[in-house]
Amino acid sequence: MDTWIEEYSRGYIMLLEAIEGLNEEELRFKPAPDKWSIHQILIHVTDSEILSTHRMRKVLAEKEAFLYSFDQNSWVNELGYDQLDREEHLLLFQSLRNSMLPILNNLTAQQAERVGVYPDGARFTFKELLEYRVQHVRDHIAQIERVREAYRQK
């Protein structure tokens, strides 16, 4: 668990490193009409973090916590991600991660095995939810790199 917690704590820095040196044109570039810009990716990562922080806390606080998902494409399209403040969202991401660190640093083995349940019956332990949060940032950093490469190739 310590390795997951350590990487989780570095998520904000990892995102900043992924966008270091990019100008606004690069951040707003969309490789295709149905693909996200880096700006949109960063807003999405924060929105996902809001919900995931809630999920993780529910799993730790409630027995067999009921969890829910969200339609990420609807959020991008309906919430006007292009108009949202990227810096504010990155700071919110950092705050959410920081708010979880005292909980994670005092996590017991029993708590790591607590379970949350989705409407379709899928069950996830707290440890699995944490691992997914780490992987989510990794996946979007890879996506950012693909968008950066597409920008260079245009």
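Asp 120 sits in the loop between β2 and β3. Those labels come from DSSP runs, numbered from the N terminus: a strand is a run of E with at least two residues, and a helix is a run of H or I with at least four. Asp 120 is exposed, with a relative accessible area of 66%. Here, exposed means over 50% relative accessible area, buried means under 20%, and partly exposed is in between, using a 1.4 Å probe and protein chains only. From Asp 120 to Ala 142 there are 22 residues in sequence, and their C-alpha atoms are 29 Å apart in space.

A quick word on what you're looking at. This is a predicted model, where local features need pLDDT of at least 70 and side-chain atom pairs count only at pLDDT 80 or more, while totals for chains, interfaces and linings use all residues. Residues are numbered from 1 along each chain as its sequence is written, and side-chain values use heavy atoms, with hydrogens and water left out.

Now for the strands on either side of that loop. They belong to an open sheet of three strands in the order β1-β2-β3, with mixed pairing. β1 (65-66) and β3 (123-125) are the edge strands, since each pairs on one side only. Two strands count as paired if DSSP finds at least two bridges between them. β1 and β2 (residues 115-117) run parallel in their pairing, over two bridges, and Ala 65 has Gly 116 in β2 as its bridge partner. At 40% relative accessibility, Glu 64 counts as partly exposed. Its phi is near 50 degrees, a positive value in a residue other than glycine.

Let's go back to the start of the chain. In helix α1 (residues 2-9), the buried residues are Ile 5, Glu 7 and Tyr 8. They cover an arc of only 165 degrees around the axis, so they end up on the same side of α1. That arc is taken from the directions that run from the helix axis to the C-beta atoms. Asp 2 and Thr 3, on the other side of α1, are exposed. The buried residues of α1 pack against α2 (11-19), α4, α6 (86-105) and α8.

Helix α2 tells a similar story. Its buried residues are Gly 11, Tyr 12, Met 14, Leu 15, Ala 18 and Ile 19. Because they cover an arc of only 160 degrees around the axis, they lie on the same side of α2. Their packing partners are α1, α3 (24-28), α4, α6 and α8. After α2 comes Gly 21, with a positive phi near 80 degrees.

Helix α4 deserves a stop too. Is Thr 46, one of its residues, buried or exposed? Thr 46 is buried, with a relative accessible area of 0%. Leaving aside its neighbours within four places in sequence, Thr 46 is in contact with His 89, Leu 90, Leu 92, Phe 93 and Leu 96. Contact means heavy atoms within 4.5 Å. Asp 47 also lies in α4, and it is buried at a relative accessible area of 7%. With neighbours within four places in sequence left aside, Asp 47 is in contact with Trp 75, Leu 79, Tyr 81 and His 89. Between the C-alpha atoms of Asp 47 and Gln 94, which are 47 residues apart along the chain, the separation is 12 Å.

Over in helix α8 you'll find Arg 133. This arginine is buried, with a relative accessible area of 2%. Not counting residues up to four places away in sequence, Arg 133 touches Tyr 8, Val 45, Ser 48, Glu 49, Ser 52, Met 56 and Arg 97.

Rolling a probe the size of a water molecule over the atoms shows where empty space is left. The largest pocket has a volume of about 310 Å³. Of the 16 residues that line it, the closest to its centre are Ser 52, Arg 55, Tyr 118, Tyr 132 and Arg 133. The elements that give two or more residues to this lining are α4 (38-61) and α8 (126-153), and α8 gives the most, with six residues.A pocket, on a 1 Å grid over the protein atoms alone, is an open set of points where a 1.4 Å probe fits, with protein on both sides within 12 Å along at least five of seven lines; lining residues have an atom within 4 Å of a point. The points are joined across faces, edges and corners, and the volume is the space filled by probe spheres set on them. By type, the lining of the largest pocket divides into six nonpolar, seven polar and three charged residues. Nonpolar covers Ala, Val, Leu, Ile, Met, Phe, Trp, Tyr, Cys and Pro, charged covers Asp, Glu, Lys and Arg, and the others, Gly among them, count as polar.
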